[in-house]
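Let's take a friendly walk through a protein fold. Please have a look at the structure below, and then read on.

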Amino acid sequence: MMLSVHDLRVSFAREHGDPVEVVHGISLDLAKGETLGIVGESGSGKSVLSLATMGLLPRTARATGRILLDGEDILTMSERQLCRVRGRKIGMIFQEPMTALNPSMRVGAQIAEGLRLAQGLSRRDARIEALRLLEMVKIPRAAERIDSFPHEMSGGQRQRIGIAIALALKPELLIADEPTTALDVTVQAEVLDILDELVAELGIALILISHDLGVIARIADRTLVMYRGDEMEQGETEQVLRRPTHAYTRKLLAAMPGRVRASLELSDG
Ligand SMILES: Nc1ncnc2c1ncn2[C@@H]1O[C@H](COP(=O)(O)OP(=O)(O)OP(=O)(O)O)[C@@H](O)[C@H]1O
Ligand SMILES: [Mg+2]
């Protein structure tokens with residue numbers, strides 16, 4: 001198993017009073033080439049779970065349980081080991097791509113920088129590889145756009161640059177936390193399709209976090225439904241969405257039946 005989380009609990013220290021536990025014993029498994037969707041309303045612990053997996057929890061947090069990445073526990077690694085893992089094994093795509101990009105650096109150079117650091121490529125090879133990645137994430141006229149600045153691109157294009165930067169590090173596990181929330185529905189679908197293709201082509205494992213069941217239905221093989229730090233249910237996406245066993249999942253479904261049904265029909269074809 002690429003990623004195996006056992007009984008993860010996360011709590012935050014408070015200035016006054018006892019620590020507050022916000023993730024109450026989550027377990028999950030994820031294999032290469034597989035996409036796990038995590039869905040749940042705001043504050044349910046989705047981001048805390050993904051930060052824990054990246055080893056990026058703030059100092060005020062305390063985590064127990066196990067987060068095994070290729071058999072090695074993230075929770076017991078030193079900061080030095082974590083840096084290596086983040087550079088080589090886990091990539092992250094953030095919700096707001098502008099914050100992850102350097103506004104004063106051309107996008108090609110930003111991708112190339114990652115390639116040179118992570119893979120030790122020469123300047124020239126890194127540029128060739130950056131162009132290939134831009135084409136892979138379907139930036140139109142990539143050979144011209146490679147020298148654009150982030151502000152010269154659309155939101156959807158910037159999101160794709162964020163994906164290209166994450167891919168430059170050749171991660172085995174990619175965590176995408178609300179990667180398409182800021183995008184309109186058609187661009188959102190394009191970006192999701194790109195992620196879906198990358199999982200299939202590169203055999204990476206993907207965790208896709210969203211509060212939107214339509215997004216999850218579109219590409220997740222399995223789905224974990226969270227509510228206030230607890231697992232409500234987890235299983236094959238089709239199963240969870242077609243025959244939700246938990247009242248909370250039914251409520252989520254009822255809130256957006258049209259789009260979810262449409263997505264399910266899409267994935268049937
Ligand atoms: N640094 C922190 N210090 C204290 N509490 C925190 C911290 N980060 C998150 N929390 C709390 O942990 C809980 C889960 O937050 P989290 O960010 O994981 O939610 P989420 O499911 O990602 O929500 P959203 O859909 O809004 O992004 C919330 O109650 C939040 O207030
Ligand atoms: Mg979040």
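In this predicted model, helix H4 (residues 107–119) packs against helix H5 (residues 123–136) at an angle of about 120°, and their axes lie 8 Å apart. Helices (H or I, at least four residues) and strands (E, at least two) are DSSP runs numbered from the N terminus. Axes are lines fitted to C-alpha atoms, for helices over the stretch in contact, and angles run from 0 to 180 degrees between N-to-C directions. Contact means heavy atoms within 4.5 Å. On the H4 side, the contact is made by Gly 108, Ile 111, Ala 112, Leu 115 and Arg 116. H5 contributes Arg 123, Ala 126, Glu 129, Ala 130, Leu 133 and Leu 134.

Now to the sheet. Six strands form an open sheet in the order E6-E7-E8-E3-E9-E10, with mixed pairing; two strands pair if DSSP finds at least two bridges between them. E6 (90–93) and E10 (230–236) each have a single partner strand, so one side of each is left without a neighbour in the sheet. From one strand to the next, the twist averages 15°. E6 pairs with E7 (residues 173–177) in the parallel sense over four bridges.

| Helix | Strands touched or crossed | Angle |
|---|---|---|
| H11 (residues 247–255) | E3, E9, E10 | about 100° with E9 |

Residues are numbered from 1 along each chain as its sequence is written, and chains are lettered from A and ligands numbered from 1 in the order in which they are written. Local features need pLDDT of at least 70, side-chain atom pairs count only at pLDDT 80 or more, and totals for chains, interfaces and linings use all residues, while side-chain values use heavy atoms, leaving out hydrogens and water.
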